Amino acid sequence: AVSATVRNTVAFGRGFVGGVVGAVKGVYQMVRHPVQTGKALWHMVTHMDETKEMFKAKWAEYKDAWANDPEKFWEMTGHLTAEVALAVVGPKGVTAAINMASKTATVARVASTIARVRSWLGPCLGPPISSATDAS
């Protein structure tokens with residue numbers, strides 16, 4: 001069985017990569033279609049009630065994930081982290097962000113492999129140190 005920490009780390013990495021890809025695609029679309037981008041921004045500003053409701057719905061989804069679906073919460077957090085990071089570092093940071101996401105995914109794969117090996121060898125190794133009881 002894969003631990004919750006491993007599943008959440010993988011979910012964060014998946015969300016982070018999705019956030020990087022989404023941000024890069026978004027910048028590409030803004031540059032390629034500036035008129036549509038301007039119209040969409042104008043619509044957002046002139047229809048603040050819709051914009052506000054959209055943000056409220058997204059916030060409610062995020063809070064619900066926090067309470068009920070940890071993997072979804074961590075995937076959403078990874079996605080948001082990537083988007084904010086890319087907004088701060090700009091296009092030059094995209095390569096660094098992709099490298100970081102790749103390393104996060106590698107760490108998650110290693111942790112998952114360790115968990116699988118541990119489950120296979122568990123009967124031979126005995127209980128993990130953290131769950132061993134003190135004899136005194």
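Author: Let us begin with accessibility: a residue is buried under 20% relative accessible area, exposed over 50%, and partly exposed in between, with a 1.4 Å probe and protein chains only. At 41% relative accessibility, Arg14 therefore counts as partly exposed. Please note that this is a predicted model, in which local features need pLDDT of at least 70, side-chain atom pairs count only at pLDDT 80 or more, and totals for chains, interfaces and linings use all residues. Residues are numbered from 1 along each chain as its sequence is written, and side-chain values use heavy atoms, with hydrogens and water left out.

Reader: How many residues of the protein chain count as buried, as a percentage?

Author: Of its 136 residues, 20% count as buried. Phe16 counts as buried because its relative accessibility is 5%, and Val20 because its value is 4%. Phe16 has its C-alpha atom 8.3 Å from that of Met76, although 60 residues separate the two along the chain.

Reader: How many helices and strands does the protein chain have?

Author: Helices (H or I, at least four residues) and strands (E, at least two) are DSSP runs, numbered from the N terminus. The chain has five helices and zero strands, and its pattern along the sequence is α-α-α-α-α.

Reader: How many salt bridges does the structure hold?

Author: Side chains of opposite charge can pair when their charged atoms come close. A salt bridge is a side-chain nitrogen of Lys or Arg within 4 Å of a carboxyl oxygen of Asp or Glu. The structure holds five. One of them joins Arg7 and Glu71 at 3.3 Å, N to O; this pair links helix H1 to helix H4 across 64 residues. Arg7 is partly exposed at 35%, as is Glu71 at 32%.

Reader: Which residue meets Arg14 in a salt bridge?

Author: Its partner is Glu75, at 3.1 Å, N to O. Here Glu75 in helix H4 and Arg14 in helix H1 are 61 residues apart. Glu75 is partly exposed, at 30% relative accessibility.

Reader: Which parts does the pair of Lys72 and Glu61 tie together?

Author: The side chains of Lys72 and Glu61 meet in a salt bridge of 3.0 Å, N to O. Lys72 lies in helix H4 and Glu61 in helix H3, so the pair ties together parts that are eleven residues apart in sequence. Lys72 is partly exposed at 33%, and Glu61 is partly exposed at 29%. Lys58, Glu61 and Lys72 are linked in a network of salt bridges.
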